[in-house]
Structure formats: structure tokens, C-alpha cells
Amino acid sequence: MNKDFYIILISLFSLTILSCAKSSTSSSSTTDNTTTAYDGTYNSVCPSNEKRKYTRVFSGTNMKLITKDYNEDGCSTREGEHVSYTTFTLGDNVTVTKNSDNSSVSAQKITITKTKHTYMFMKDDDTNSANSTSACGFSDWEINVAKDVSSVLNQSGCATGDAIGTVDKTVILMIGSNLWMGDLSGSKDSDNFTATIKDTEMDKE
């Protein structure tokens with residue numbers, strides 16, 4: 001083999017290594033930017049004297065809270081579902097008080113901003129009633145089909161909840177598989193973050 005052929009082989013080999021290195025770096029960077037330690041789905045159980053169950057889903061810097069409405073205590077028959085969509089940013093660790101025993105624990109600050117709210121009827125009679133009254137301004141509700149009610153939230157005859165753009169400064173912590181978040185009824189620190197934390201009673205799947 002001549003010298004020129006060896007030079008071509010070396011050049012191709014170098015380009016292959018460089019290409020692989022760039023691909024590996026890009027993939028790693030993308031993963032770091034789109035995942036957090038809280039990624040996953042967290043579910044509550046249904047208390048015997050309540051008609052709701054809750055699910056939180058964290059994905060990257062997005063979070064949604066699903067509120068599942070039931071027709072009776074014990075959560076047997078689904079009748080509707082709220083979904084509150086939010087984005088969040090994580091901050092520094094901070095010492096807070098657990099509301100269960102007043103002990104101190106280190107949690108992470110989290111700032112949550114609401115971006116969207118949907119509602120879905122899951123019973124025929126409720127869907128028909130909503131259409132007859134033009135609930136939330138819509139007369140074309142369909143069973144098991146969610147509608148975006150963000151712009152009419154809290155208006156007469158519509159769903160209630162935090163308005164779009166609402167910002168919550170709270171804290172978050174994993175204890176085992178249990179998700180703990182700020183107690184909104186408790187005190188706040190000088191930066192307006194919740195200073196007390198409580199068990200959300202949601203466990204990671």
C-alpha cells in the first residue's frame with residue numbers, strides 16, 4: 001500500500017471518532033436538560049370518606065396534577081377529571097419543618113407556574129347536562145373528551161381552580177417513595193416560600 005492510502009485511512013478513522021464524541025456529548029447534554037430527580041408518576045389512594053384521588057406527573061420541568069372525581073365515597077365510579085398543567089424551576093435546598101412532628105428537614109425550593117387547565121366529563125348524564133347549560137361556554141361536550149377551560153376557569157358554571165399564570169413558591173422532598181411538598185396553610189420564609197412541609201400522600205409508582 002502507498003503512503004496516500006494510509007493517510008486516507010487515518011483521516012477517516014479520526015473523523016469517525018470525532019463524530020461519535022460529538023454525538024455522545026449531545027445526547028448527554030439533552031438528557032441533563034430534560035430530566036430531574038422527581039421525574040415519574042405519583043398516586044394517592046382514595047380515603048373512605050372522600051370522592052377524589054390525585055396523581056402528579058413530573059416530566060423534565062413540566063408537572064401536571066390530575067384530580068379524579070368520583071360519584072361516591074370510596075372512589076368507585078369515575079365522573080370527571082381535572083388536569084392542571086404547570087412548569088417549574090428548582091432552587092436551593094432549605095431547612096423546613098415537617099407538619100407531622102415539627103422536626104427539621106432539608107427540602108428543595110420549587111417555583112411552580114400554572115399554564116393550562118382542562119376538564120373532562122365521564123358520565124353521559126353529566127355531559128348532556130353540561131351541553132344543555134353551555135357549561136364553561138361550550139355546548140359540544142363529549143364524554144371522556146377533555147376541554148381546555150383555561151380562559152373561563154372560575155367563571156359561573158365552570159370549574160374552579162388556580163388561575164392561569166398563578167405562581168406557587170413551595171418546597172419538595174422525597175422520603176422513600178413518598179412525595180412531600182409545602183404546606184400552603186403554614187408559614188412562609190422571607191422569600192415567600194413555604195416553610196412547612198407535609199406528606200402529599202402520593203407514592204411513586
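Which pattern do the disulfides of the chain follow, with bonded cysteines counted along the chain? They follow the pattern 1-2, 3-4. The model described here is predicted. Its secondary structure comes to two helices and nine strands, and the structure holds two disulfides.

**Overall architecture**

- Read from the N terminus, the elements of the chain are arranged as α-β-β-β-β-β-α-β-β-β-β.
- The chain has 205 residues, and buried residues make up 32% of them.
- Among the contacts in the chain with a separation of 6 or more, 49% are accounted for by residues 24 or more positions apart.

**The disulfide of Cys46 and Cys75**

- Cys46 and Cys75 form a disulfide in which the sulfur atoms are 1.8 Å apart.
- The torsion about the S-S bond of this pair is about 70 degrees, so the disulfide of Cys46 and Cys75 is right-handed.
- Cys46 is placed in the loop between strand E1 (40-44) and strand E2 (52-59), while Cys75 is placed in the loop between E3 and strand E4 (78-98); the pair therefore ties together parts that are 29 residues apart in sequence.
- Cys46 has a relative accessible area of 21% and is therefore partly exposed, a class that lies between the limits of 20% and 50%.
- Cys75 counts as buried because its relative accessibility is 12%, and buried means under 20%.

**The disulfide of Cys136 and Cys158**

- Cys136 and Cys158 form a disulfide with their sulfur atoms 2.1 Å apart.
- The torsion about the S-S bond of Cys136 and Cys158 is about 95 degrees, so this disulfide is right-handed.
- Cys136 is found in the loop between helix H2 (124-132) and strand E6 (147-148), and Cys158 in the loop between E6 and strand E7 (167-175); the pair therefore ties together parts that are 22 residues apart in sequence.
- Cys136 is buried, its relative accessible area being 14%.
- Cys158 is buried, with a relative accessible area of 14%.

- Asp69 belongs to strand E3, which covers residues 62-70.
- The relative accessible area of Asp69 is 9%, so this residue is buried.
- A polar contact of 2.6 Å links the side chain of Asp69 with the side chain of Arg52.
- Not counting residues up to four places away in sequence, Asp69 touches Lys51, Arg52, Thr77, Arg78, Glu79, Gly80, His82 and Tyr119.

- Met202 is located in strand E9, formed by residues 196-204.
- Met202 counts as buried because its relative accessibility is 5%.
- Met202 and Lys53 are 149 residues apart in sequence, and their C-alpha atoms are 9.5 Å apart in space.
- Leaving aside neighbours within four places in sequence, Met202 is in contact with Tyr42, Asn43, Ser44, Tyr54, Thr55, Arg56, Leu65, Ser177, Asn178 and Leu179.

Notes: Residues numbered from 1 in each chain as written. Predicted model: local features only at pLDDT ≥ 70, side-chain atom pairs only at ≥ 80, totals over all residues. Heavy atoms only, no water. Helix = DSSP H or I, 4+ residues; strand = E, 2+ residues; numbered from the N terminus. Buried < 20%, exposed > 50% of the residue type's maximum accessible area, 1.4 Å probe, protein only. Polar contact = N/O pair within 3.5 Å; in protein donor to acceptor, adjacent residues only side chain to side chain. Contact = heavy atoms within 4.5 Å. Disulfide = S-S within 2.5 Å.
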